[in-house]
Amino acid sequence: MRSPIRARLCLSLALLGVLPSAFGAPQTVILYGDDDYAPYSYVQNGVFKGMYIDILREAASQMPAYRLVLQPRPWKRGLAALEQGRVFGLFPPGRKTERPYVHPYSAMLYRESVVLFCHDEVMRTPRAHFPQDFAGLRIGVNAGFLLSEKLMAPARQGVLQLEAAKGNEANLKKLALRRIDCYASDRAAARHTARLLQDELARYHFRLHEVLELSSEATYIAYSAHSQPAYKTDFIEKMNAALLALRQSGELARIEHTYLR
C-alpha cells in the first residue's frame, strides 16, 4: 500500500512539473502533422510516415517523461485547429507573420529547398547564371505550388516560360520526355517521386540532374498560443534540446539522407 507521505510527495512533484503525473507515468502529448506531404509527412496504407515522423520519433525517444503521439491531418484543418487552440502543436510550417496564433516555434526541424532540375541535354550548354543563361527555356512547375520570386520575376518579364502540371510525377515524366527543359520543385519531393518512378524513367535513360537552388525555408513545430497545458514549457524545452542533440550527433543528417539519396 502506498504510504500517505509518499503519495503526497508524488503529488507535490507532479504539481511542480518534476513528474508528468503523480504516478510517474509518461505524459501523452499529441502533435498534428500534414497527412499529404510526401516524403516529409504522409499516410500510406494507413501508416503515418515520412522524414518529419522519423525525426520527431527519434527526438521523443530521448524524452522518457513524455509519450509523443503523431496524428495526420489535412493541412488546412490542422492550421484551423492550431488557431483555435484545439491542438497543442502542428508540423511542419515555416515562420509566417500572418499566424499570430503560433507561439512559440520549435527549434528547426529541417530546411526545405526549391531547386531547379534540368534535362542533361539542356545542360550541354553551360548555364551558370540564373535567369539569363536559362532564357527561353520551358520550366515545369506543380499546379498550385507557391513559387519562388526568383522564378516568378523572370517569368513575368518573358525571360522564362512556366508550364504547370499536376504534381511531381507528371512533371518528371514530361522532363524525361523533353516536353519541358527544366523542372522547379521541392528537392526532397522530386527525389522521392523519382525513386518511385525509377524503373519507368530508366526506359528514357533519364537521371535527375539538380542544377541550382532557387529558395529555401526552415520548418518547425508550431505550438498554439491558445493551448497552455501545464507541461508546455517543459516539453518545448526538452524537444528543442533533443532536436539540437540529434543535429549535433549527425543523426538528423542520417535521417535526411535516407530521403534525399
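Reader: What is the torsion about the S-S bond of cysteine 118 and cysteine 182, and which hand does the disulfide have?

Author: This is a predicted model, so the geometry discussed here is that of a prediction. Cysteine 118 and cysteine 182 are joined by a disulfide, with an S to S distance of 2.1 Å. The torsion about their S-S bond is about 100 degrees, and therefore the disulfide is right-handed.

Reader: How many residues apart in sequence are the parts that this pair ties together?

Author: A search of the whole structure finds 1 disulfide. Cysteine 118 belongs to strand E8 (residues 110-118), while cysteine 182 belongs to strand E11 (residues 182-186), so the parts that the pair ties together are apart in sequence by 64 residues.

Reader: Is cysteine 182 buried or exposed?

Author: The cut-off for a buried residue is a relative accessible area under 20%. Cysteine 118, with a relative accessible area of 0%, is buried. For cysteine 182 the relative accessibility is 0%, so this residue counts as buried.

Reader: At roughly what angle do the axes of helix H2 and helix H8 cross?

Author: Helix H2 covers residues 51-60 and helix H8 covers residues 232-249, and their axes come within 9 Å of each other, crossing at roughly 110 degrees. Because angles of 65 to 115 degrees count as roughly perpendicular, H2 is roughly perpendicular to H8. The crossing angle asked for is therefore roughly 110 degrees.

Reader: How many of the 10 residues of H2 are buried?

Author: The buried residues in H2 are Met51, Tyr52, Ile53, Ile55, Leu56, Ala59 and Ala60. H2 is largely enclosed by the rest of the structure, because the number of its 10 residues that are buried is 7.

Reader: Turning to charged pairs, which residue forms a salt bridge with arginine 124, and is arginine 124 buried or exposed?

Author: Side chains of opposite charge can pair when their charged atoms come close. In the salt bridge of arginine 124 with glutamate 121, the closest N and O atoms are 3.0 Å apart. Glutamate 121 is partly exposed, with a relative accessible area of 38%. Arginine 124, the partner of glutamate 121, has a relative accessibility of 63% and counts as exposed.

Reader: By about how much of a helix are lysine 173 and glutamate 169 separated?

Author: The side chains of lysine 173 and glutamate 169 meet in a salt bridge, with an N to O distance of 3.0 Å. Lysine 173 is partly exposed at a relative accessible area of 26%, and glutamate 169 counts as partly exposed at 39%. Because the two residues lie 4 residues apart in helix H5 (residues 167-176), their separation is about one helical turn.

Reader: Which residues do salt bridges that share partners join into one network?

Author: Arginine 187 forms a salt bridge with glutamate 210, in which the closest N and O atoms are 2.7 Å apart. Arginine 187 lies in helix H6 (residues 187-196) and glutamate 210 in strand E12 (residues 210-219), so this pair ties together parts that are 23 residues apart in sequence. Arginine 187 is buried, with a relative accessible area of 16%, whereas glutamate 210 counts as partly exposed at 27%. Through shared partners, salt bridges join into one network the residues Arg187, Arg191, Glu210 and Glu213.

Reader: Leaving aside its neighbours within four places in sequence, which residues is glycine 89 in contact with?

Author: Glycine 89 is found in strand E6 (residues 89-91), and with a relative accessible area of 0% this glycine is buried. Once neighbours within four places in sequence are left aside, the contacts of glycine 89 are Ile30, Leu31, Tyr32, Leu82, Ala222 and Tyr223.

Reader: Finally, among contacts between residues at least 6 apart in sequence, what percentage join residues at least 24 apart?

Author: The protein has 9 helices and 13 strands, and buried residues make up 43% of its 261 residues. Among contacts between residues at least 6 apart in sequence, the share that join residues at least 24 apart is 70%.

Key
Residues are numbered from 1 along each chain as its sequence is written. This is a predicted model: local features need pLDDT of at least 70, side-chain atom pairs count only at pLDDT 80 or more; totals for chains, interfaces and linings use all residues. Side-chain values use heavy atoms; hydrogens and water are left out. Axes are lines fitted to C-alpha atoms, for helices over the stretch in contact, and angles run from 0 to 180 degrees between N-to-C directions. Angles under 35 degrees count as roughly parallel, over 145 as roughly antiparallel, 65 to 115 as roughly perpendicular and the rest as oblique. A disulfide is a pair of cysteine sulfur atoms within 2.5 Å. Buried means under 20% relative accessible area, exposed over 50%, partly exposed in between (1.4 Å probe, protein chains only). A salt bridge is a side-chain nitrogen of Lys or Arg within 4 Å of a carboxyl oxygen of Asp or Glu. Contact means heavy atoms within 4.5 Å.
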